[in-house]
Amino acid sequence: MVKKIIAEKDLKALNKPFELDMYFEDTLKESVEFIERNQLFDVSLWKKFVDVFRAKDDGRGDWFVSWRSEYWGKMMRGASMVLRYTKNKELYRIIKSSVLDLLSCRDELGRISGYSKEQEFNAWDLWGRKYVMLGMMYFMEICEDENLNGRIVEAMCKHADYIIDHVGPDKLDIRRCSKHWEGLNSCSILEPMVRLYRLTGEKRYFEFAEYIISTGFILSADLIELAYNNVSPHDYPVVKAYEMMSCFEGLLQFYYITGIEKYKTALINFGKNIIKTELSVIGCSGCTHELFDHTSIRQTQTDYKGIVQETCVTVTWMKFASQMLELSGCSDYADRIEQSFYNAYRGSFNTLRVPVVDHRYSEKLGIFAQILPFDSYAPLVSDTRGRQTGGFNILLDNTFYGCCACIGAAGAGVIPEIALMNKKDGIVFNYYEKGSINALTPGGAALKIDVDTAYPYDGTVKFTLALEKSEKFDIFFRIPAWCDKATVTYNKKSLDFAPGYARISELWESGAEIVLEMPMSVKKVLPPEDAVNSDIFAAYTYGPLVLAADKRISDPDGIFDAVCDENGCVEAKEVLCPEIREAHICFEIALGSGEKARLIDYASAGKTWNEESRCAAWLRIK
């Protein structure tokens, strides 16, 4: 029997206000404009992704075409998230046209799949169908055409019904609809199935979601039970990070429907264990391939030469963390989103537009170099960027694309969703950049907040409130984990706060000013004591930014034994960096050897994608 739907407001610690109107001037603006210019405005790219569904040959057995059907939905989800923030009419026109184009690819059975009927329900077929549904559903959230939304729901129902007719109890085991990761990728279709139930109220979608949950997501164990019992993800039988978080995103949506406390406990445990054991200094997981592998202790290893720190994992973590922030109200998630955004995520941007050739396949398959907007993997110890194209697949015109390039836009889309959130009797600031936000007070009155700051390059943030009328309510300011002590000054009062949320309760008048001071200094960060090579490496940070060595100014294989105390590096000053025009910030630090070295923000390091800018976040101190 379908369980009673519980109001989400009764389940979430934080709730996003509806349709916030906000604008930020610095790194978010830079990120969004880069993504729009280099990806989302490319009409030909949208067409290439749709053509995959017309060809229907993803299942022919060639690995280099097997998951192309994920591309459209991944990019549509990210585009819709970005558009909710920018409200760009040209982007809306482009993606609406692409939605209509994809709807025209339905076959007589209602399928929208890159796989033919003869090849369906294996490999990455359900994974691709999942992304069709998610792309459509995220678009519906910003779609201005109710008639089109109705057509989408009708198409998604037929699309889902075909799956339910063939997969489930006494039919195909969903975990055997893929030979990869024990079916983890196929089970991640849970999220759009739950969303479809919420859109339609149709019992069959709820029951199919229940069925997926009953499988535990893989063949050899029940991952929900393992999470409930507080087992760390790296100890699961299957440890593929991206697909696993996608499954737990679906479980979170199911919890919002049912309110089953066991699932909330499993989610809380899963999220906390990722934070505790699976995140690197730059905010990503996976130091052996794309896996949960106890990243916190492996991030300083030097003997593994494979791919690490996948961009798909970074973005999926940011998305999952934003949902866990809403559920739990725990500032740790906002801290970690900030860490990922400013370091691993922005570091993946191909800002110098370097053409890439994946040498694993280029000669064999006869393809040429091209420019992708995002890098797929990020170095931690000394290495280069641009080493491989994650999720490499060839499109019908013999160009190629990758999974990380497709998911990239969603990372920028996460930030406006968490920037300002609601809490009972108050509002919550999670993101600090220069700009303005139009919102509502808890009492429903219009509120405009102007934010003046140079954050993340400076720790002073000034807020000016413009209120429709005076009102008493709480304002919560996130004090980041990197900040030992912050000071909030308002109405001639000054209070100090430790990391977490600083709560200010006041009768606010229009014109009120609040100043948040978060002192920044260059700090030495040591690896966990049980980490590999913990005695020979350190990282240097400045506020939320990880600093990196870049071969253009400092040898990343050198020794960086900076002289530091509990307040930070004894001698570190901000300097110019004419050799690296893309650097946002550069520090010269004094080393114990008597020499000096320059470090730049990690997001700007390594951007030539070759040995010229070899870089590292973890630096040798011995």
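Figure 1. Ser80 touches Ile95, Tyr138, Phe139 and Ile142, not counting residues up to four places away in sequence; contact means heavy atoms within 4.5 Å. The model is predicted: local features need pLDDT of at least 70, side-chain atom pairs count only at pLDDT 80 or more, and totals for chains, interfaces and linings use all residues. Residues are numbered from 1 along each chain as its sequence is written, and side-chain values use heavy atoms, with hydrogens and water left out. Ser80 belongs to helix H3 (residues 71-86); helices (H or I, at least four residues) and strands (E, at least two) are DSSP runs, numbered from the N terminus. With a relative accessibility of 1%, Ser80 counts as buried. Buried means under 20% relative accessible area, exposed over 50%, and partly exposed in between, for a 1.4 Å probe and protein chains only. A polar atom of the Ser80 side chain lies 2.9 Å from the backbone oxygen of Met76. From C-alpha to C-alpha, Ser80 and Met137 are 9.4 Å apart in space, and they are 57 residues apart in sequence.

**Figure 2. Packing of helices H5 and H6.** Helix H5 (residues 125-140) packs against helix H6 (residues 146-166) at an angle of about 160°, and their axes are 10 Å apart. Axes are lines fitted to C-alpha atoms, for helices over the stretch in contact, and angles run from 0 to 180 degrees between N-to-C directions. H5 and H6 are therefore roughly antiparallel to each other; angles under 35 degrees count as roughly parallel, over 145 as roughly antiparallel, 65 to 115 as roughly perpendicular and the rest as oblique. On the H5 side, the residues making the contact include Leu126, Arg129, Val132 and Phe139. On the H6 side, they include Leu148, Ile152, Met156 and Tyr162.

**Figure 3. The open sheet of seven strands.** The strand order is S1-S8-S9-S10-S15-S12-S13, with antiparallel pairing; two strands pair if DSSP finds at least two bridges between them. Strands S1 (21-24) and S13 (493-497) stand at the edges with a single partner strand each, so one side of each has no neighbour in the sheet. On average, neighbouring strands of this sheet are turned by 20° against each other, direction ignored. Strand S8 (residues 435-440) pairs with S9 in the antiparallel sense over six bridges, and Leu440 stands opposite Ala446 in S9.

**Figure 4. Strand S10 and its partners.** Strand S10 (residues 460-467) has a covered face of Val461, Phe463, Leu465 and Leu467. Its uncovered face holds Thr460, Lys462, Thr464 and Ala466. Strand S9 (residues 446-453) pairs with S10 in the antiparallel sense over seven bridges, and a hairpin of six residues joins S9 to S10. Strand S15 (residues 513-517) runs antiparallel to S10, and five bridges join them. Val461 has Thr453 opposite and Leu516 as its bridge partner in S15.

Figure 5. Asp550 is placed in strand S18 (residues 545-550). At 0% relative accessibility, Asp550 counts as buried. A polar atom of the Asp550 side chain lies 2.8 Å from the backbone nitrogen of Gly606. Leaving aside neighbours within four places in sequence, Asp550 is in contact with Ile580, Ile600, Ser604, Ala605, Gly606, Glu612, Ser613, Arg614 and Cys615.

Conventions
Polar contact = N/O pair within 3.5 Å; in protein donor to acceptor, adjacent residues only side chain to side chain.
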